[in-house]
Amino acid sequence: MEFDTKLLHGGISEDAATGATSIPIYMASTFHQKKIGENQYEYSRSGNPTREAVEKLIADLEDGTRGFAFASGSAAIDTVFSLFSAGDHFIVGNDVYGGTFRLIDAVLKRFGMTFTIVDTRDLDAVAAAITPATKAIYLETPTNPLLKVTDIAAVAQIAKDHGLLSIIDNTFSSPFVQRPLELGVDIVLHSASKYLGGHSDVIAGLVVTKDETLGDKIGYLQNAIGGILAPQESWLLQRGMKTLSLRMRAHLANAEAIFNYLNHQPLVSKIYYPGDPDNPDYEIAKKQMHGFGAMISFELQPGLDPKAFVEHLQVITLAESLGALESLIEIPAVMTHGSIPRATRLKTGIQDELIRLSVGVEDKKDLIADLEAGFAALQRSTQNVSNSSVHPQA
Ligand SMILES: *Cc1c(COP(=O)(O)O)cnc(C)c1O
């Protein structure tokens with residue numbers, strides 16, 4: 001089955017009991033066991049038909065064999081790290097999601113796990129970081145917010161050669177754009193709160209494996225730890241996922257149009273977009289992604305105030321998060337990445353003038369007109385400052 005067809009007919013696409021084409025929300029904590037040990041479902045933490053529908057669907061979409069749904073992306077990540085033990089060492093990408101870094105730094109380290117942070121685009125650095133205690137390589141590609149692209153197949157091969165697991169957070173791409181299991185990765189996970197849910201109305205996490213034994217281990221931990229996705233949210237998530245391809249095509253086309261617009265905007269000094277032919281990662285992105293995603297980051301000319309720009313926008317929503325139908329814009333330095341000390345942030349390349357845009361599915365003419373009005377406002381505010389003899393900041 002092709003990807004678009006799987007979205008509708010993959011997983012469990014109708015209710016076995018009634019033929020309902022929309023999976024019912026099974027609000028049951030327990031199930032009548034007519035004969036002990038013969039039930040498909042026993043207790044909803046261990047298994048629930050509504051959750052199972054979304055779990056089978058994500059397994060199909062990522063070309064895996066086992067899928068698992070959690071109460072959030074963060075719960076999914078924590079459960080995956082629970083495969084490991086005190087003393088285990090991990091290689092982690094240098095610009096992973098802030099919440100993942102927090103989990104590693106503030107929680108997992110207390111349980112005796114150790115981490116080496118590397119730029120996973122540098123394959124020699126990845127290999128050099130491996131120690132006898134290393135158990136896994138954990139990365140995101142493209143990264144947040146600089147959208148750096150790592151060669152997934154190459155990292156998966158390094159992991160295989162050294163008997164390590166490779167784990168990818170695929171949130172920024174969704175399985176429409178990128179399917180890491182096909183490239184040899186062992187575990188794919190998602191914050192389904194972003195593109196998979198798509199409508200800014202559900203918090204959820206998903207994990208997929210191809211290897212059944214590894215899948216069994218994650219299933220065991222899902223039940224043991226219990227951070228499961230509830231039936232209502234499972235239903236809402238699978239409903240959102242049905243339109244993933246329709247939404248992603250619109251997201252990708254708008255992102256390309258906005259990239260072309262920004263590329264000719266003189267107040268923009270730098271653009272980070274894997275689909276930019278001048279981006280150093282362009283060839284790898286082209287090789288492993290189906291389309292280039294719909295996240296674009298850009299820097300204003302040095303000294304320009306990104307707040308004056310984003311606060312002026314009328315259509316594009318100033319908000320954290322991404323992957324929504326609505327276009328969302330934010331300033332990493334003071335919002336998503338505000339907790340990183342400024343010196344560290346600048347060292348990783350996140351300038352004060354950086355803006356991150358999650359391109360939505362509005363009409364691109366309105367999005368570009370909105371950006372245009374924002375740049376005009378920025379131009380006026382800079383002229384006012386330079387014409388004035390009063391410099392309140394000085
Ligand atoms: C949002 C996000 C997460 C965390 O997911 P929640 O559903 O918010 O817990 C993890 N990874 C990435 C890349 C994200 O964008």
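**Notebook: a look through the model**

I began with burial: buried residues make up 52% of the 394 residues in the protein. I noted that this is a predicted model.

**Entry 1. The whole chain**

I looked up the secondary structure next. The protein has 14 helices and twelve strands.

Then I checked the overall size. The C-alpha atoms fill a box of roughly 85 × 50 × 40 Å along the principal axes. I also looked up the radius of gyration, which is 22 Å. A compact globule with 394 residues would have a value near 21 Å, so the two agree.

I wanted to know how far along the chain contacts reach. I took contacts between residues at least 6 apart in sequence. Of these, 71% join residues at least 24 apart.

**Entry 2. Helix 2 and helix 9**

Helix 2 covers residues 49–61, and helix 9 covers residues 231–241. Their axes are 8 Å apart, and they pack at an angle of about 35 degrees. I noted the crossing of helix 2 and helix 9 as left-handed.

Which residues meet here? From helix 2 I listed Thr50, Arg51, Val54, Leu57, Ile58 and Leu61. From helix 9 I listed Pro231, Ser234, Trp235, Leu237, Gln238 and Met241. I sorted the residues of this contact by class: eight are nonpolar, three are polar and one is charged.

**Entry 3. Arg66**

I moved on to Arg66, in strand 1, which spans residues 66–70. Buried means under 20% and exposed means over 50%.

I left aside the neighbours of Arg66 within four places in sequence and looked up its contacts. Arg66 is in contact with Ala59, Val207, Val208, Thr209, Glu212, Gly215 and Asp216. With Asp216 I found a polar contact between the two side chains, at 2.5 Å.

I also checked a C-alpha distance. Arg66 and Lys210 are 144 residues apart along the chain, yet their C-alpha atoms are separated by 6.5 Å.

**Entry 4. Lys270**

My last stop was Lys270, which lies in strand 8, residues 268–272. The relative accessible area of Lys270 is 42%, so I put Lys270 down as partly exposed.

What does Lys270 touch, not counting residues up to four places away in sequence? I found Ser297, Phe298 and Glu299. I looked up Leu354 too, 84 residues from Lys270 along the chain. The C-alpha atoms of Lys270 and Leu354 are separated by 8.9 Å.

Conventions:
Residues are numbered from 1 along each chain as its sequence is written. This is a predicted model: local features need pLDDT of at least 70, side-chain atom pairs count only at pLDDT 80 or more; totals for chains, interfaces and linings use all residues. Side-chain values use heavy atoms; hydrogens and water are left out. Axes are lines fitted to C-alpha atoms, for helices over the stretch in contact, and angles run from 0 to 180 degrees between N-to-C directions. Helices (H or I, at least four residues) and strands (E, at least two) are DSSP runs, numbered from the N terminus. A crossing is left-handed if the near helix is turned anticlockwise from the far one by less than a right angle, and right-handed if clockwise. Contact means heavy atoms within 4.5 Å. Ala, Val, Leu, Ile, Met, Phe, Trp, Tyr, Cys and Pro count as nonpolar, Asp, Glu, Lys and Arg as charged, and the others, Gly among them, as polar. A polar contact is a pair of N or O atoms within 3.5 Å; within protein, one must be able to donate a hydrogen and the other to accept it, and residues adjacent in sequence count only if both atoms are side-chain atoms. The radius of gyration is taken over C-alpha atoms; the globule rule is 2.2 Å times the number of residues to the power 0.38. Buried means under 20% relative accessible area, exposed over 50%, partly exposed in between (1.4 Å probe, protein chains only).
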